[in-house]
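User: I would like to go through some of the labels attached to this model and see what each one rests on.
Analyst: Ask about them one at a time.

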Amino acid sequence: MTTKTVPFTKERAEGIAAAFPTPFHIYDERAIRTNARELKRAFAAFDGFINYFAVKALPNPYILAILKAEGFGADCSSLPELLLAERVGITGERIMFTSNDTPATEFREARRLGAVINLDDISHIDCVEKACGIPELVSCRYNPGPLKEGNAIIGKPEEAKYGFTREQLLAGYASLKARGATRFGLHTMVASNELDPAYFVETARLLFDLAVEIKQRLGIRMELVNIGGGVGIPYRPDQEPVPYDRVAAGIQKAYGDLIVRNGLHPVRLAMECGRVVTGPYGWLVTRVIHLKETYRRYVGTDASMANLMRPGIYGAYHHITVLGKESAPATATYDVTGSLCENNDKFAIQRRLPEIAIGDLLAIHDSGAHGWAMGFNYNGKLRSAELLLREDGTVRLIRRAETVEDYFRTLDFAGLDSFK
Ligand SMILES: *Cc1c(COP(=O)(O)O)cnc(C)c1O
């Protein structure tokens, strides 16, 4: 069981909403820092351990600055993500550039920043060489295919577009070495939102085993092993968080069995978690503006799936707290909807909740990762503001809400005059 709490009262939320109109995402700095420290502490036995925070989960410079201060790096996969990391001072090998279908300009930019370039395909060796030359340190992304089971979000590895096969990996490292690379990394990312700690231990074992084979067959020593992200969070109250200590202990055993025993120590262990780092520490706060009764009872909010897309596209559960009614009995059944002209714009379907009144504030939980970030402008919906609840209890605007002017910014109305 996980108790789903909100770090502010209804009164505080009303105060915040008076300054920053709903809907908004609000992130809890203290909880993000505490969790970041717990993750680091769990892996402290691994010398040089780093979590490259997956920027796509919460691409906000204030969040990246907090995580940088906590010792995290950045996992980037596009030009703007690279530039965002650079702007907060995360550069060099504190960046892992794990992209796919990568344009040459992005390889060049990653190289300029000194990022660890993680190749998605054997054919990209030529692309990188042409774009910017082979860097001294290069990583390759492994797709274990049928050797590993995937999960619902990322699918089966053999159906996933990412990574090298085992044979390609062996040929790829040999080719990289022949072209001048001297330092090597190995990476995989095969699951998303996975809650089973054993899954990550198995992933590490798979990569350690491969590192041993690469050493034996090619004489190439792996410097960095990145087991990817994908650590899940308990979206539902009946789920449990992944115990970092158990994952770390399992990986430590595998490290001893494979890396140490085969003389490969030291290998730097890395992860690139996004969701588990910030996901549980964000809430989408939205106001109820309509109640509707037809074949079902509907709660109409001032947000939409443009602010939080996961329920609409994955059918994902996001817990909802009706602020001020935290301990009221859940006696009503509602579909909680947004205003998009799509029937899947529902934050909850047939959810048991306390009786809701127009004007109530809802806190939709676990919006701290893949929440704001997945927002979009379809149907003329504007992306919301992002707020940071500081450790001293104050609230800071860390991204303003979009305006209609932002929505129009890429349009050329002036050209209309001469358009016949
Ligand atoms: C999305 C992604 C991550 C982060 O995944 P989480 O589920 O947020 O931990 C890490 N690495 C790669 C390559 C990704 O695509």
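Predicted model: local features only at pLDDT ≥ 70, side-chain atom pairs only at ≥ 80, totals over all residues.

User: Where do Phe-97 and Phe-107 lie in the chain?
Analyst: Phe-97 is in strand S4 (residues 95–98) and Phe-107 is in helix H5 (residues 104–113), ten residues apart. Both Phe-97 and Phe-107 are buried.

User: Why is the pair of Phe-408 and Phe-413 called edge-to-face?
Analyst: The angle between the planes of Phe-408 and Phe-413 is 65°, and the cut-off is over 60 degrees, so the label applies. Their centres lie 5.1 Å apart, within the 6.5 Å limit.

User: Why do Phe-408 and Phe-413 count as partly exposed?
Analyst: Phe-408 has a relative accessibility of 36% and Phe-413 a relative accessible area of 43%. Buried means under 20% and exposed means over 50%, so both residues fall in between.

User: Why is Leu-416 called exposed?
Analyst: The relative accessible area of Leu-416 is 52%. The cut-off is over 50%, so Leu-416 counts as exposed. Leu-416 is found in the segment after helix H12 (404–408).

User: Which residues make the nonpolar surface patch?
Analyst: Val-404, Tyr-407, Phe-408, Leu-411, Phe-413, Leu-416 and Phe-419 make the patch, with an area of about 710 Å².

User: How do you know that His-318 is buried?
Analyst: His-318 has 0% relative accessibility. Buried means under 20%, so His-318 qualifies. His-318 lies in the loop between helix H11 (310–314) and strand S12 (320–322).

User: What makes the approach of the His-318 and Arg-310 side chains a polar contact?
Analyst: The distance between the two side chains is 2.9 Å. A polar contact needs N or O atoms within 3.5 Å, and the contact of His-318 with Arg-310 is therefore within that limit.

User: Where does the charged end of Arg-399 sit?
Analyst: The charged end of Arg-399 sits over the ring of Trp-372, 3.6 Å from the ring's centre. The distance limit is 6 Å. Arg-141 lies over the face of Tyr-162, at 4.2 Å from the ring centre.

Note on methods. Residues numbered from 1 in each chain as written. Heavy atoms only, no water. Helix = DSSP H or I, 4+ residues; strand = E, 2+ residues; numbered from the N terminus. Buried < 20%, exposed > 50% of the residue type's maximum accessible area, 1.4 Å probe, protein only. Phe/Tyr/Trp six-rings, centres within 6.5 Å; stacked < 30°, edge-to-face > 60°. Lys NZ or Arg CZ within 6 Å of the ring centre and 35° of its normal. Patch = residues over 30% accessible without salt bridge, like charges linked within 9 Å, V, L, I, M, F, W, Y side chains within 5 Å. Areas by Shrake-Rupley, 256 points an atom, 1.4 Å probe, with all protein chains shown as cover. Salt bridge = Lys/Arg side-chain N within 4 Å of Asp/Glu carboxyl O. Polar contact = N/O pair within 3.5 Å; in protein donor to acceptor, adjacent residues only side chain to side chain.
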